[in-house]
Amino acid sequence: MRCARRRSIYVIALAALVTITALTAAVLGLYIAVIQRIDRIFLGSCGHLPAAPLAFPIDRPAGQAVGEYVATLLAQLAPFAAATYNMYCSGGTAWIPAQTKMTRRLPHKAGFVLAHGPALLIAFRGTFNFADTLTDLNTRGVTVPWLPAEMRLHRGFSTRYAQVRAIVHDSVRVTQPSAVFVTGHSLGAALSMLCLSDLARNTSVRQLCGALYACPKVGNRAFATGAFSGAMDRMAVGIVRNQMDAVPLMPPGLEQPYVHVDGGSSADGSGGACYHSFYHDDGSWGRNHRLSLYMAQIATLAPTPDCAPAVGRE
């Protein structure tokens, strides 16, 4: 009798082990399927890094209106935003512009820092894996030590930026750049916004340039009005969105109202943050969010973005 019971326990334990193994395999398979689905949604495929060097973005020509320069930046910086995704799958460097050095790779393949003479280019990767998705969903409002206490940020975005902030500031300290270019798509655009605000408020970099694609909301009204406080004359930032893309409408702000950073120009018109939008319905929310779609539509946009205050963009 005792032996029979022991056998039964062994059989039950073995069955439980088999069940747990099967469930683990199923969860792993689901995880891989989700990652592959994210890949198809955001890029269509992992993509290939360009075989020829990209062109490093040009400095703003003397006398050029900030809106016209921003339109140029949106076209010039998009391939670097795309390179952050492609580098997730490969480590090729043939695409790096001539006379340019990759000085840092951000942790977890989250982007890179390029140095080109007296200029830096910082690119942040968007959502591409399960950890990124958890970052996007971590919407609680929090304060950060490098901003005033009344400014509350999306916890997921601010936590992710905190992981690379020291690299950003160290790069600026070592290079002493005359200009910093920042770019990213989706989650990468949110990190770019935080980076630009940080550099605007906490450094004296002479020119801060950005191109943000499908940027979600990153902070409350206090942050939206004060992100570039006192530095708008040093800014040349373009924010572009597809009106059929749901990501720029996120997060919904259940705990606190999240709003987009205010656009507008400096008093003398020398700098500004300029919004640009287009309407293109590619059939699903995933395809409407793809960076490849944004890159195709940028070429068709009017040359001067809207640099008026971002009224009604909540």
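**Buried positions and nonpolar cores**

Ile122 is buried, with a relative accessible area of 0%. The model in which this residue is examined is a predicted one. In soluble globular proteins, nonpolar side chains tend to be buried together.

**Ile122 and its surroundings**
- Ile122 belongs to strand E3, which spans residues 119-124.
- Leaving aside residues up to four places away in sequence, Ile122 touches Phe112, Val113, Val168, Val180, Phe181, Val182, Thr183 and Cys195.
- Between Ile122 and Gly184 there are 8.7 Å, C-alpha to C-alpha, and the two are 62 residues apart in sequence.

**Nonpolar cores**
- The largest nonpolar core holds 46 residues, of which Phe124, Tyr161, Met193, Phe223, Phe228 and Met235 touch the most other members.
- Helix H6 (residues 187-202) supplies the largest share of this core, with 10 residues.
- Another core, of 39 residues, lies apart from it and includes Leu54, Leu73, Trp95 and Ala119.
- Phe223 touches Leu147, Met151, Leu153, Met193, Leu194, Ser197, Val218 and Val261, when residues up to four places away in sequence are not counted.

**The chain as a whole**
- The secondary structure of the protein chain consists of 9 helices and 10 strands.
- Of the 314 residues in the protein chain, 50% are buried.
- Among contacts in the protein chain with a separation of 6 or more, 76% join residues 24 or more positions apart.
- The protein chain has an accessible surface of about 14,500 Å², and carbon and sulfur atoms account for 60% of this surface.

Note on methods
Residues are numbered from 1 along each chain as its sequence is written. This is a predicted model: local features need pLDDT of at least 70, side-chain atom pairs count only at pLDDT 80 or more; totals for chains, interfaces and linings use all residues. Side-chain values use heavy atoms; hydrogens and water are left out. A nonpolar core is a set of buried Ala, Val, Leu, Ile, Met, Phe, Trp, Tyr and Cys residues joined through side-chain atoms within 4.5 Å. Buried means under 20% relative accessible area, exposed over 50%, partly exposed in between (1.4 Å probe, protein chains only). Helices (H or I, at least four residues) and strands (E, at least two) are DSSP runs, numbered from the N terminus. Contact means heavy atoms within 4.5 Å. Accessible areas come from the Shrake-Rupley method with a 1.4 Å probe; for residues, only the protein chains shown count as cover.
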